[in-house]
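Here is a short report on a protein model with its ligands. Look over the sequence and the structure first.

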Amino acid sequence: MKIAVLSGKGGTGKTTVAASLARVINPSQYVDCDVEEPNGYVFLKPEFVNSVPVRVEVPAADELLCTGCGECARVCQFNALAVIRGKPLVFPELCHHCGACFIVCRPKALVPELRKVGVVESDKGGTVLQGKLEIGEPVTIPVIIELKKHMRDDIPVILDSSPGASCTVVQTIDGCDYCILVTEPTPFGLHDLKIAVSLVRKMGIPFGVAINKAMDNNMSITDFCDNENIDIIIEIPYSRKIAEEYSKGNLPVDGNKVWQREFELMFRKIKEKTGK
Ligand code: SF4
Ligand code: SF4
């Protein structure tokens with residue numbers, strides 16, 4: 001079973017939920033798809049022993065073959081190519097690897113060149129994985145695609161998505177059996193939760209909401225979920241103790257039987273919902 005944990009808004013406690021769930025499900029695999037700043041390792045403390053480079057193909061121009069026609073620059077939707085005074089100029093960091101320029105270049109003056117954009121790291125047992133984008137690289141998708149190739153089929157997999165509702169999130173949750181949408185009871189939390197809900201509905205993935213930093217009055221979130229017929233599958237209170245432990249790299253479930261049980265119950269609910 002593949003469970004993705006996402007949040008419309010950053011800083012809601014998405015990694016707390018994802019890593020806690022991975023901790024209580026034994027065995028399970030935790031896959032950190034927040035490749036711009038993976039931080040699940042801070043809590044799960046794996047020893048990464050494998051590192052697989054992620055490379056993509058970007059065009060390189062053979063000036064002897066190039067006629068300076070400018071077709072490649074015209075077709076590129078990402079401004080990764082320019083033709084200046086009849087000479088092609090490639091900006092590889094802007095390339096989205098769509099391949100269009102190779103197709104339109106009639107003299108075949110463009111050849112693919114490999115460029116490293118990130119790495120996939122894993123521990124010895126392959127139960128904790130993370131993707132890491134190279135500094136300055138803007139395109140996350142190739143790293144997530146490579147990361148997802150290492151997912152196991154024999155144990156539950158928890159995918160820790162990046163926040164938001166961008167193509168990075170779409171790539172992460174694509175093919176998942178269930179999504180946990182983590183939110184907090186604030187106007188911003190509700191606003192971004194609505195966006196996340198419309199995304200998972202559009203993709204047809206079953207989902208439930210986890211309220212983090214829950215307070216006595218969570219009505220903004222609970223009313224929305226009631227009206228939309230959305231299950232709230234866990235509530236984690238606004239707690240100084242949890243925040244202090246978090247700052248030390250500890251999860252709510254670490255050494256706490258009450259929270260271990262809460263997360264086990266949440267997992268059981270998800271299993272019932274998905275029938276897996
Ligand atoms: S592969 Fe696509 S994105 Fe990259 S330079 Fe060519 S046209 Fe632009
Ligand atoms: S499409 Fe090919 S031939 Fe035309 S400018 Fe680009 S690299 Fe040169």
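## Ligand surroundings

A residue counts as near a molecule if one of its heavy atoms lies within 4 Å of it. The model is predicted.

Ligand 2 is surrounded by Cys66, Thr67, Gly68, Cys69, Gly70, Glu71, Cys72, Val83, Cys105, Pro107 and Leu110. By class, seven residues of this shell are nonpolar, three are polar and one is charged.

Around ligand 1 sit Pro59, Cys76, Phe78, Ala80, Leu81, Cys95, His96, His97, Cys98, Gly99 and Cys101. Eight of the residues in the ligand 1 shell are nonpolar and three are polar. The ligand 1 shell has no charged residues.

Is Leu89 buried, partly exposed or exposed? Its relative accessibility is 37%, so Leu89 counts as partly exposed. The partly exposed class lies between the 20% limit for buried and the 50% limit for exposed.

## Arg240 and helix α9

Arg240 lies in helix α9, residues 240-247. Its relative accessible area is 68%, so Arg240 is exposed. The cut-off for exposed is over 50%.

How far apart are the C-alpha atoms of Arg240 and Leu65? They are separated by 66 Å. Along the chain, Arg240 and Leu65 are 175 residues apart.

Definitions and conventions. Residues numbered from 1 in each chain as written. Chains lettered and ligands numbered in written order. Predicted model: local features only at pLDDT ≥ 70, side-chain atom pairs only at ≥ 80, totals over all residues. Heavy atoms only, no water. Nonpolar A, V, L, I, M, F, W, Y, C, P; charged D, E, K, R; others polar. Buried < 20%, exposed > 50% of the residue type's maximum accessible area, 1.4 Å probe, protein only. Helix = DSSP H or I, 4+ residues; strand = E, 2+ residues; numbered from the N terminus.
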